[in-house]
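Here is a short briefing for someone meeting this structure for the first time. Take a look at it before reading on.

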Amino acid sequence: MPDFLLELRSEEIPARMQAGARADLEKLFRKEMATAAVSLGDVTVWSTPRRLALIARGLPDATAAVSEELKGPRVGAPPQALEGFLRKTGLSESQLTARDEVLYAVTEKSGRATIDVLAEAIPAIIRAFPWPKSQRWGTASLSSESLRWVRPLSGIVALFDRAVVPCQVSGIAAGRETLGHRFHSTGPIQIDGADDYAAKLRAAHVIVDHAERQDFIREHALAAAHAEGLVIVADEGLVVENAGLTEWPVPLLGRFDAAFLDVPPEVIQITARTNQKYFICRERTPEGAEQGALANAFICTANIVATDGGAAIIDGNRKVLAARLADARFFWEQDRKKSLSEHAEGLSRITFHEKLGTVADKVERVAKLARWLVEQGIVVPANAGTAGRIDASSASGGQRSPVEPGTTELADVAQLAEWAERAARLCKADLVTEMVGEFPELQGVIGGYYARAEGLPDAVADAIRDHYKPVGQGDDVPSAPVTVAVSLADKLDTLVSFFAIDEQPTGSKDPYALRRAAISIKNLVERNSLRINLFVASREALTNVGISLVVAAARSNPRIDEILSKTWPNFPAYHGGIGEIAVTQLRGEDLTLWKSDVLPAIAPGWNLLAPGRLSELSESLRSFIFERMRVQAKADGLRGGIFESVTTPPTVIDVYLITQRINALQAFIGTADGTNLLAGYKRAANILKKEGVVPAQAGTGGRIDATSASGGQRSPVEPGTTNELSYTPEPAEKALMDALDTAGPQAATAVVTEDFAGAMAALATLRAPIDAFFDGVTVNDPETAKRTARLSLLARFRDAVHGVADFSKIEG
Amino acid sequence: MSQPSAPLSFQDMILRLHAFWSAHGCLILQPYDMRMGAGTFHPATTLRALGPEPWKAAYVQPSRRPTDGRYGENPNRLQHYYQYQVILKPNPSNLQELYLASLAAIGIDPLAHDIRFVEDDWESPTLGAWGLGWEVWCDGMEVSQFTYFQQMGGFDCKPVSGELTYGLERLAMYIQGVDNFRDLAFNADGVSYGEVFLKNEQEMSKYNFEVADTASLFDGFAKAEAECQRCLDADIPLAAYEQAIEASHLFNLLQARGVISVQERASYIGRVRDLAKGSCQAWIAKYEAQWQADYPEWVL
């Protein structure tokens, strides 16, 4: 069967658009062929900067004949209906076929020659091509209806078997002539068909298969590095981009002045990569590719085999890189003439958000919050150890109390608090440096370098460098305590600030990336096993925002500042309890001014600090973070309902505890015991629901004694204990009672001590007894006493399970 | 054209380009006698890119970018430099080949140097204009901009013009193999670019950054705006467009003086754009009937 070749030649297609264009070409071609019922074998698409190519194998010579039938009016329908149908079909009445009293128009469509189908399809594909950006050109562009393409389209090769497919688009007729390499080939090349296309182009210095060019670049760049005793810094994006910029790639290694290696390697890398599309190299070390120092070498990918072997090309590229590195070194030297704290002063000139003040205001809040996170024991020094802290055998549980004086950790904690606050104050300073102005993507990284260069402790410099992390799911999550404190404080502040000004994400709109911030918070907490009450932390962060807004309002008006300072002696250090402010201290004129001038001016911050508003917002923040956790858990493949089962009602607001419960429950539900216990639970819960026995209020809090099965609400059945039975229980009934007597308290204790695996193990012991109970005991016994007692027993069972998690939420 | 034995001087390079484009049918125009940021601002490009009439022109345009001044200290940043500008309407289908031939004419051998067309879409917010094209790389250095104009002053270009902009100093530094603009051979008799222009860079950098009276600049901007409107009212769009050029340069100077905040910046650009668009609109309105008569297939 014949093959089909299509080549669409144009002026240089942007490298970044080529992959999409290949996919679109194949999609449009398949669609056209499917519509015309042309069967296809393999379809291959290729691209170079100057052409898109498609080869389809095994097409039929012609499509099969088809008979199409169109239903018309009933026989004997009014004449108007018949006339309308005849007009529509273009037939006469005698040509219609009657069947079951209905008229049909039957048209026999003979098969079409595939080449004719292709002749129509090619212009249709070209006209429908969805380039991200397209243009008009040339004389035809006198009309705005003229053909659009990514850059001027200059030629079409369309060959079905060995025949030219006769078609044309906008004055460009399809043929068999194409062009080779722009500089290494002259004159047109005649293509016979799909089979000689790639070979003839190769002879004209064009490797048409993009994947082959990519392989070539990868291998030869590597070889060039190895020849110099270097390793290449792998960069697949650059491989693809360079393959999209060349038809005949020639990687060439050059050297730049080693003096530029004083500049941070990230700067060299970004200059070489983004601006010049060069690969960079490291020195080879026994430890591996990532370990070696950056080498003063670059690899550019030329598009020609140069007459001088590439010497002029390497020299030219070296000069361009040197000029760029000279700029970078100039910034590097200029910036370091000022300390980071001097740079930080410039942040007061950058607006963070018009309703949230400057970046300097934000930095102030983050610094306070970072210190608070340490002082509250949420972020602890590294040597305090994380594993021991959450030792399940320790019954203390819950929120860690603030560090008490006299403990051995004190010095470390004080140090950590100081460093966290210091790093936070400097973490945004690099935003106003020349270097970050030139390379915005290096924010943080540059600050880290400047911090180290001015002799700040490594922990502080690292925190400045890494505090933006994690940026979304999958990014590295910091674990160094100073970094964790600053990163968490920064993200919490961002999140609560925008909630405070009612800028929550809605639908698909999340302009401030708050969903990502929430997930980053969750990841920081999980990775570092932080014990944080989200409600309390949100409240603290919100209070900072409120105070910050009041301060900003006061700063803008000296008179307001003066009056505020009378009513608020500790202002701006004052913290909390705003609702009780002694407005009564004001007398006469002051009080009038307070009402007329001060209050309206400070309203945004003042209103935020009202206790009711603080609580309301803290709760919506908690629920927002929970919702993000739920969505993320679902995306990560967590079984449906498990997240809800440990957060309903939301009495547990410790993210770490929730994660622990989820992990233990997910593992348990996966076991045979778990599956069967869940089935037993559902059966029990259904019976109880039918009988109107409502669950105890313990929920998933697990804080109340799970052995007490008394529901919080009145139920028609008063659950009792074995001692009160007025009859002799069945063996299976007795066995369940005994099992509950043991497992109930065990599970409850395990929950309190945060030993969730232990809680699951306790529940697992109930599996056999509950199965046996349902097998051997009739709940709905005619004797009321038995029925009531058995329902209470089931209620005890249900409530014991609820003490660990609300199994009713688990799907399946 | 064979490769010259010795690298071309700055002025010889310009003469070669003039000869090349003249031979390809371009009018060789002289620089526009106003201060402007780029050759595109020359009415021979902006206004002539509108309407259906064919147009081919080439010229050198002194270009002023006050914020790029470095007091002559930076080897390749200047507040005043030269662009070689070619505009061909409609763009011929072999424009890339013509461009490459012009590089050969000034001594760049495409089998020794790596010439590449790298995506770079052009947009001028102050002119309300955009186009698709490339920056042309020679051994990794951007030596030209190559653009197919799609819109000018907010109007579709019908037909599309091809615009070539050569950065003359960069190209000359490349051809002559020098690392500092001062060392460029201006002519073949030993006069350097630095001898001609270093004082200019030093003094004008000082003027742009330190001396220019910001009150007069703001005042001048407002006056140019008003004058532009008066010209539009008098139906002299070319004169109106000159005021847009003036306002644009005054805005650039105000930026160099650091007196325009980030928020204000967008608003000033919008004001200049309004002047440029208004002038383009008036230009079209004035000649539309004639264009339609001469080119019946053309519609606005």
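The notes below cover a sheet, a helix pair, a hairpin and a chain contact.

This is a predicted model, where local features need pLDDT of at least 70, side-chain atom pairs count only at pLDDT 80 or more, and totals for chains, interfaces and linings use all residues. Residues are numbered from 1 along each chain as its sequence is written, while chains are lettered from A and ligands numbered from 1 in the order in which they are written.

Helices (H or I, at least four residues) and strands (E, at least two) are DSSP runs, numbered from the N terminus.

**The open sheet**
- Four strands of chain A form an open sheet with antiparallel pairing, in the order β13-β15-β16-β14. Two strands pair if DSSP finds at least two bridges between them.
- β13 (230–232) and β14 (250–255) of chain A are the edge strands, and each pairs on one side only.
- From one strand to the next, the twist averages 35°.
- Three bridges link β13(A) to β15 (residues 279–283) of chain A, in the antiparallel sense. In β15(A), A:E283 is the bridge partner of A:L230.
- Helix α5 (residues 210–227) of chain A lies across β13, β14, β15 and β16 (294–302) of chain A. Helix α5 runs at about 30° to β14(A). Axes are lines fitted to C-alpha atoms, for helices over the stretch in contact, and angles run from 0 to 180 degrees between N-to-C directions.

**The helix pair**
- In chain A, the axes of α22 (residues 655–669) and α25 (residues 756–764) come within 9 Å and cross at roughly 35°.
- α22(A) contributes A:Q660, A:R661, A:A664, A:L665 and A:F668 to the contact, and α25(A) contributes A:F756, A:A757 and A:M760. Two residues are in contact if their C-beta atoms, placed from the backbone, lie within 7 Å.
- These contact residues divide into six nonpolar, one polar and one charged. Ala, Val, Leu, Ile, Met, Phe, Trp, Tyr, Cys and Pro count as nonpolar, Asp, Glu, Lys and Arg as charged, and the others, Gly among them, as polar.

**The hairpin**
- β2 (residues 43–48) and β3 (residues 51–56) of chain A pair in the antiparallel sense over six bridges.
- A hairpin of two residues joins β2(A) to β3(A).
- A:W46 stands opposite A:A53 in β3(A).

**Where chain A touches chain B**
- Chain A gives 32 residues to the contact, and chain B gives 31 residues.
- On the chain A side, β16 and α8 (311–335) each supply at least two residues. The largest share, seven residues, comes from α8(A).
- The chain A side divides into 14 nonpolar, 11 polar and seven charged residues.
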